[in-house]
Amino acid sequence: MLSPMQAAPRYTRFAVAMHWIVAAIVLVQYPLGWLMQQIPKQPPGPRAEVFNLHKSIGLTILALMIARIFWRIGHPPPALPEMPRWQARAARATHLLLYVLLVVHPLAGYLGSEFSGYPVKYFGFILPGWAPRSLPLKDFLSQVHLVTSWLIAAAVALHLAGVAKHVIVDRDQVLARMLPFQRH
């Protein structure tokens, strides 16, 4: 195990930037997704504007996650410091789960919107529609979107619990691997 003074191998600057950018956007998107449902349906304008903003942010997350995945394929993460095997497996599984959920979740939202019969707007630009209106598919994808929102919350909580363990209990340099503005 690394002593508190030993430097742990760091993620690349791109990986660090993408991690924090996606985290910040998700922190905005998550409450927006829940709060927007409280907006009255009448008049339709204000609700539609917030829904379209939510969809635009979600599509941005999807694009960033796809870029992250391609980056990660060519740039493996630094080796984990010495730790019990179950902890290393839990860390890898949590990261994989977050990657999968942060692709499936916005993809389900986008596809649900496509099958809703309403145009999908990306920051005001109407995207070409390609799917026929299908309320059963829209409802199914809405359920996937709802379930994955809770799974993301659980996975983030697990991720943060791991961070807290490394900072408070282990007092190691694992967090420093992902902090911005650190020397490489």
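Leu107 is partly exposed, with a relative accessible area of 35%. Here buried means under 20% relative accessible area, exposed over 50%, and partly exposed in between (1.4 Å probe, protein chains only). Leu107 lies in helix H3. Helices are DSSP runs of H or I with at least four residues, strands are runs of E with at least two, and both are numbered from the N terminus.

This is a predicted model, in which local features need pLDDT of at least 70, side-chain atom pairs count only at pLDDT 80 or more, and totals for chains, interfaces and linings use all residues. Residues are numbered from 1 along each chain as its sequence is written, and side-chain values use heavy atoms, with hydrogens and water left out.

**Confidence**

pLDDT is the predictor's confidence in each residue, from 0 to 100. The chain has a mean pLDDT of 92. In 94% of its residues the value is 70 or more. Residues 1–5 stay under 50. For that stretch the model has nine contacts beyond four places in sequence; a contact means heavy atoms within 4.5 Å.

**Core**

The largest nonpolar core has 19 residues. Such a core is a set of buried Ala, Val, Leu, Ile, Met, Phe, Trp, Tyr and Cys residues joined through side-chain atoms within 4.5 Å. Val22, Val26, Leu59, Ile61, Met65 and Leu102 have the most contacts inside it. H1, helix H2 (44–74), helix H3 (85–116) and helix H4 (135–170) each give two or more residues to this core. Leaving aside residues up to four places away in sequence, Leu59 touches Tyr110, Val120, Tyr122 and Leu127.

**Surface**

Trp34, Leu146 and Trp150 form a nonpolar patch on the surface. Together they have about 310 Å² of accessible area, by the Shrake-Rupley method with a 1.4 Å probe, where for residues only the protein chains shown count as cover. Patches are made of residues with over 30% relative accessible area and no salt bridge; like charges are joined within 9 Å, and nonpolar side chains (Val, Leu, Ile, Met, Phe, Trp, Tyr) within 5 Å. Trp34 is found in helix H1 (residues 13–35). Trp34 counts as partly exposed because its relative accessibility is 31%.

**Salt bridges**

A search of the whole structure finds two salt bridges. The term needs a side-chain nitrogen of Lys or Arg within 4 Å of a carboxyl oxygen of Asp or Glu.

| Pair | Closest N and O atoms |
|---|---|
| Lys138 and Asp139 | 4.0 Å |
| Lys165 and Asp170 | 2.3 Å |

Lys138 is partly exposed at 27% relative accessibility. Asp139 is partly exposed too, with a relative accessible area of 42%. Lys165 is partly exposed, at 26%.

**Backbone**

The peptide bond from Gln42 to Pro43 is cis, with omega near -5 degrees. Pro43 sits in the loop between H1 and H2.

Phe123 has phi near 45 degrees, a positive value in a residue other than glycine. Its place is the loop between strand E1 (121–122) and strand E2 (125–126). Phe123 is partly exposed, with a relative accessible area of 45%.

Arg171 also has a positive phi, near 50 degrees. This residue is found in the segment after H4. Arg171 counts as exposed because its relative accessibility is 58%.
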